[in-house]
Amino acid sequence: MDGQVAQLVAAIALPAIAAGILGGTLAGLLGVGGGIVIVPALYLALSLTDMDTARVMQVAVGTSLATIVFTSLSSAWGHYRKGAVDFALLRLWGPSILAGVVIGALLGGVVSGLVLVGVFAVVALLVACDMILRGGPGTGPARSFSRPVWAAFGVVAGAISAMMGIGGGTVCVPLLNFLGYDIRRAVGTSAAIGFVIGLPGAVTYVLTGLGASGLPPLSLGYVNIAAALLIVPLTVPFARLGVAIAHRIPRRGLRLGFGLFLLATSLRMFRDLYGAL
């Protein structure tokens, strides 16, 4: 067992450290929870071990959600101090997002890992195109919808985020910006939404993965404790750095940077999916 643990740590240490630094910075900068970096980094690192390939994506997603619990708190606190968290929206949207998270995490725990890769890649590509190609400041009057419509938005956002192992910003930031919210306020509120997604999502991945075969050592269900312990101490402080950057650069630059990063991530995941098929 000790030899297996040492092998695991050796395989994931460098990718996990890099993901912790970059993921934490992007969490604060873009309100994405860091999962959009952490998932592909863990996916790559775990695929280099001798673990069951059918479990690689599920462990990457579950572990990412566990790290987001801590990263989102750090990021949200920083944005709250800048006045960029909309608590009225959190109260309106929170319950439906929570329902979507449970649905998405349950699906993510039982469907093929290749399906998760495909969902990740497609959603990231669509969001990237919207953020890059849509001109204008995107800061007009906020659009208003009925509660059932907001609930539907929340269920979809929560389900996709839990299946992808991300904190919600990948879906929520462009959606809120499209609906007329200032990009910085969209980022700050999405950072807080990350906690609503991360905690129940991680718990669900733990429960659905209990007793699963082919998992790496030090795993609690589909959450790998070793990887989480490497990542969290880095994402938390670097999220504060990302917050500081987000409130100093132009809004259009923030949105363009978000889109370009998502585009690169999506293309990488499509390449992995093609290779697996």
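A salt bridge is a side-chain nitrogen of Lys or Arg within 4 Å of a carboxyl oxygen of Asp or Glu. The views below show a predicted model, in which local features need pLDDT of at least 70 and side-chain atom pairs count only at pLDDT 80 or more, while totals for chains, interfaces and linings use all residues. Residues are numbered from 1 along each chain as its sequence is written, and side-chain values use heavy atoms, with hydrogens and water left out.

**View 1. The salt bridge between R185 and D86.**
Side chains of opposite charge can pair when their charged atoms come close. By the rule given above, the count comes to 1 salt bridge. R185 pairs with D86, and the closest N and O atoms are 3.9 Å apart. R185 lies in helix α8 (residues 183-209) and D86 in the loop between α3 and α4 (87-110), so the pair ties together parts that are 99 residues apart in sequence. Helices (H or I, at least four residues) and strands (E, at least two) are DSSP runs, numbered from the N terminus. D86 is buried, at 13% relative accessibility, and R185 is partly exposed, at 30%. Buried means under 20% relative accessible area, exposed over 50%, and partly exposed in between (1.4 Å probe, protein chains only).

**View 2. The packing of α3 against α9.**
Helix α3 (residues 56-81) and helix α9 (residues 225-246) pack at an angle of about 30 degrees, and their axes are 8 Å apart. Axes are lines fitted to C-alpha atoms, for helices over the stretch in contact, and angles run from 0 to 180 degrees between N-to-C directions. α3 and α9 are therefore roughly parallel to each other; angles under 35 degrees count as roughly parallel, over 145 as roughly antiparallel, 65 to 115 as roughly perpendicular and the rest as oblique. Their crossing is right-handed. A crossing is right-handed if the near helix is turned clockwise from the far one by less than a right angle, and left-handed if anticlockwise. Residues of α3 that meet α9 include T63, T67, F70 and W77, and those on the α9 side include I231, V232, V236 and R240. By class, this contact has 10 nonpolar, 8 polar and 1 charged residues. Contact means heavy atoms within 4.5 Å. Ala, Val, Leu, Ile, Met, Phe, Trp, Tyr, Cys and Pro count as nonpolar, Asp, Glu, Lys and Arg as charged, and the others, Gly among them, as polar.

**View 3. The packing of α3 against α8.**
The axes of α3 and α8 are 7 Å apart, and the two helices pack at an angle of about 145 degrees. The crossing of α3 and α8 is left-handed. Among the residues in the contact are Q58, L65, V69 and L73 of α3, together with V187, F195, L199 and Y205 of α8. The contact of α3 with α8 has 15 nonpolar, 9 polar and no charged residues.

**View 4. The packing of α4 against α6.**
α4 and helix α6 (residues 147-164) have axes 6 Å apart and pack at an angle of about 40 degrees. That angle makes α4 oblique to α6. α4 passes α6 in a right-handed crossing. The contact includes L92, W93, I97 and L107 of α4, and W150, F153, V155 and M163 of α6. Its residues divide into 15 nonpolar, 6 polar and 1 charged.

G35 is found in helix α2 (residues 35-47) and is buried, with a relative accessible area of 0%. Not counting residues up to four places away in sequence, G35 touches P40, S64, I68, G165 and I166. G23 belongs to helix α1 (residues 2-30) and counts as buried at 0% relative accessibility. Leaving aside neighbours within four places in sequence, G23 is in contact with A18, G34 and V37.

L218 is placed in the loop between α8 and β1 (219-220). Phi of L218 is near 60 degrees, a positive value in a residue other than glycine. At 40% relative accessibility, L218 counts as partly exposed. L256, in helix α10 (residues 251-276), is also partly exposed, at 32% relative accessibility. The C-alpha atoms of L256 and W93 are separated by 26 Å, and the two residues are 163 residues apart along the chain.
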